[in-house]
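Morning, everyone. Take a look at the sequence and structure first.

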Amino acid sequence: MTLCMHKWRQTQRSTHLPNAVGVEMTLTIDTNRCQGHGRCCLISPELFDMSDDGVGIVLVPEPGPEYADAAELALDNCPESAITGTARSLS
Ligand code: SF4
């Protein structure tokens with residue numbers, strides 16, 4: 001089952017599931033939407049950077065569970081909603 005990251009995090013919180021265990025996350029940036037604010041790499045530099053062309057890039061496209069909070073924070077703070085995060089259950 002694949003969920004957007006926000007939906008999955010809501011489910012996780014409401015059911016008190018362990019932090020992202022058994023879940024594969026995927027992060028992407030829509031470069032057509034990205035306006036190069038750089039908020040993603042300021043907020044979560046372990047996951048995002050800026051390209052030489054001035055758009056955001058994902059450093060870790062399939063981050064482990066330890067990055068769940070950082071990924072969600074970047075998604076929430078992208079002013080262009082250019083970042084997409086999905087979470088897929090491995091079970
Ligand atoms: S915060 Fe969003 S719009 Fe700004 S650089 Fe990052 S992905 Fe692009």
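**Walking through the chain**

We have 3 helices and 5 strands in this chain. Those are DSSP runs, numbered from the N terminus: H or I with at least four residues for helices, E with at least two for strands. Along the sequence, the order is β-α-β-α-β-β-α-β.

Now the ground rules. This is a predicted model, so local features need pLDDT of at least 70, side-chain atom pairs count only at pLDDT 80 or more, and totals for chains, interfaces and linings use all residues. Numbering starts from 1 along each chain as its sequence is written.

Next, burial. Of the 91 residues, 27% are buried. Buried takes 20 or more other C-beta atoms within 10 Å of a residue's own, exposed takes 12 or fewer, and partly exposed is in between, with C-beta atoms placed from the backbone.

Look at strand S2, residues 23–29. Val 23, Met 25, Leu 27 and Ile 29 form its covered face. Glu 24, Thr 26 and Thr 28 are on the uncovered one. S2 runs antiparallel to S5, joined by 7 bridges; strands pair if DSSP finds at least two. Opposite Val 23 stands Ser 89 in S5.

Why does Ser 81 count as exposed? Because it has 11 C-beta neighbours inside 10 Å.
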